[in-house]
Amino acid sequence: QVQLVQSGGGLVQAGGSRRLSCVVFGNIFSIKTMDWYRQAHGSQRELVATMTSGGSTNYSDSVKGRFTVSRDNARNTMYLQMDSLKPEDTAVYYCNEHYWATSDDVREVWGQGTLVTVSA
């Protein structure tokens, strides 16, 4: 059973920074993609950052230049560094991973979500 356990949410002032962590527990064959999503109150969940197994990254226009996704393979952890935060970044943030359980079996797992609140 693969699980993603998140930490790092909380209250931060506008202009400040916050780093979210997502630890992967369990055995996987190989990682396919690692993503960060967010969902603001009353809104749909949106994709904000993606990292492929090869290390390529992509960001939504709303966070580009302010957020950085990374991973530490030795710690089985991926991160979302959020800088220059704005009140509109307030949301529950979720990590997501697509991985190969075996060489031909791709699965998906979500973290439990963590709330980031940015005060004006």
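These legends accompany several views of one predicted protein model.

**View 1. The strands of the protein.** The predicted model contains eleven strands and zero helices.

**View 2. Overall dimensions of the protein.** Along the principal axes, the C-alpha atoms occupy a box of roughly 45 × 25 × 25 Å. The radius of gyration is 14 Å, which agrees with the value near 14 Å that a compact globule of 120 residues would have.

View 3. Of the 120 residues in the protein, 38% are buried.

**View 4. Charged side chains.** The protein carries 11 positive and 11 negative side chains. The centres of these two sets lie 4 Å apart.

View 5. R66 sits in the loop that runs between β6 (57-59) and β7 (67-72). Because its relative accessibility is 11%, R66 counts as buried, the cut-off for that word being under 20%. Leaving aside residues up to four places away in sequence, R66 touches Q81, M82, D83, S84, L85, K86 and D89.

Technical notes
Residues numbered from 1 in each chain as written. Predicted model: local features only at pLDDT ≥ 70, side-chain atom pairs only at ≥ 80, totals over all residues. Heavy atoms only, no water. Helix = DSSP H or I, 4+ residues; strand = E, 2+ residues; numbered from the N terminus. Rg over C-alpha atoms; globule rule 2.2 N^0.38 Å. Buried < 20%, exposed > 50% of the residue type's maximum accessible area, 1.4 Å probe, protein only. Lys, Arg positive; Asp, Glu negative; His and termini not counted. Charge placed at Lys NZ, Arg CZ, Asp CG, Glu CD. Contact = heavy atoms within 4.5 Å.
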